[in-house]
Amino acid sequence: MDTVLPALDAAYWSARYATGRDAWDTGRATPPLQAYFDQLDPTRQPRILIPGAGRAYEAEALHRRGFDQVFVADLSAAPLVALARRVPGFPAAHLLEANFFDLPADPPYDLIVEQTFFCALAPTLRPAYARHCAHLLRPGGTLAGLLFEADFGVSPEPPFGGTREEYRAYFAPYFDFQHFDTAHNSLPARQGRELFICLKKIG
Ligand SMILES: C[S@@+](CC[C@H](N)C(=O)[O-])C[C@H]1O[C@@H](n2cnc3c(N)ncnc32)[C@H](O)[C@@H]1O
């Protein structure tokens with residue numbers, strides 16, 4: 001029998017935040033992303049998007065490093081409010097309470113940061129995720145972050161796992177693969193179960 005997914009809409013995600021069903025929340029930028037951010041140069045002020053950002057510790061880390069053009073998008077208002085409270089200097093105009101798939105590409109982004117958003121989407125949306133990331137980025141722009149390389153079993157709720165072969169097929173039409181391998185500095189609970197990806201938009 002097919003698994004029937006609940007509607008993974010704003011109400012679903014807001015209810016998870018309201019009831020504390022947010023085990024994905026690590027309370028800080030994860031080590032692989034922090035290490036990646038540490039070698040980025042804020043001088044050119046790249047335009048950065050973090051979709052499905054949740055409480056957005058990655059945005060906080062980038063903001064504190066001097067990146068001024070960081071935008072976070074989430075269907076649910078609650079985690080965006082949490083970011084605004086935690087980091088009062090984060091620009092209110094950069095908090096986008098919006099569906100990722102509705103975000104416009106004008107102006108395009110230089111970098112999209114992925115952290116437990118891809119795994120939160122219904123798997124049928126994965127091709128559209130790759131396509132929309134490419135749409136939002138300038139030619140040569142970067143999609144960087146982490147994808148679970150794990151089997152979470154059949155579940156009606158996120159997170160949804162997968163394999164690197166499956167993921168490669170989604171991104172290959174739009175991106176050159178600079179890095180696509182098991183992260184070496186994951187949090188202990190995620191050790192050996194996540195890919196660090198750094199993909200450059202073709203064109
Ligand atoms: C598993 S949580 C991860 C949150 C955050 N990235 C983290 O690691 O703490 C997934 C997040 O994606 C958001 N979300 C789900 N579908 C979305 C969509 N289509 N557009 C924007 N945000 C979405 C949810 O509200 C939720 O905050």
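Glu-114, Gln-115, Thr-116, Phe-118, Cys-119, Leu-146, Leu-147, Phe-148 and Glu-194 line the largest cavity of this predicted model. On a 1 Å grid over the protein atoms alone, a cavity is a set of points where a 1.4 Å probe fits but cannot get out, and a lining residue has an atom within 4 Å of a point. The volume of this cavity is about 40 Å³, where a volume is the space filled by probe spheres set on the grid points, joined across faces, edges and corners. Strands (E, at least two residues) and helices (H or I, at least four) are DSSP runs, numbered from the N terminus.

Residues are numbered from 1 along each chain as its sequence is written. Local features need pLDDT of at least 70 and side-chain atom pairs count only at pLDDT 80 or more, while totals for chains, interfaces and linings use all residues; side-chain values use heavy atoms, with hydrogens and water left out.

The model also has pockets, a pocket being an open set of points with protein on both sides within 12 Å along at least five of seven lines. The table lists volumes.

| Space | Volume |
|---|---|
| Largest pocket | about 770 Å³ |
| Second largest pocket | about 260 Å³ |
| Largest cavity | about 40 Å³ |

In the largest pocket, the closest to the centre of its 40 lining residues are Trp-13, Gly-52, Thr-116, Phe-117 and Ala-120. Helix H1 (10-18) is one of the elements that supply at least two lining residues, and H1 gives the most, with 4. The lining has 26 nonpolar, 6 polar and 8 charged residues. Here Ala, Val, Leu, Ile, Met, Phe, Trp, Tyr, Cys and Pro count as nonpolar, Asp, Glu, Lys and Arg as charged, and the others, Gly among them, as polar.

For the second largest pocket, strands E4 (109-115), E5 (137-148) and E7 (194-201) each supply at least two lining residues.

These strands belong to an open sheet of 7 strands with mixed pairing, in the order E3-E2-E1-E4-E5-E7-E6; two strands pair if DSSP finds at least two bridges between them. Strands E3 (95-97) and E6 (175-182) stand at the edges with a single partner strand each, so one side of each has no neighbour in the sheet. E5 and E7 run antiparallel and are joined by 7 bridges. Leu-146 has Phe-196 in E7 as its bridge partner, and Leu-146 also lines the largest cavity.
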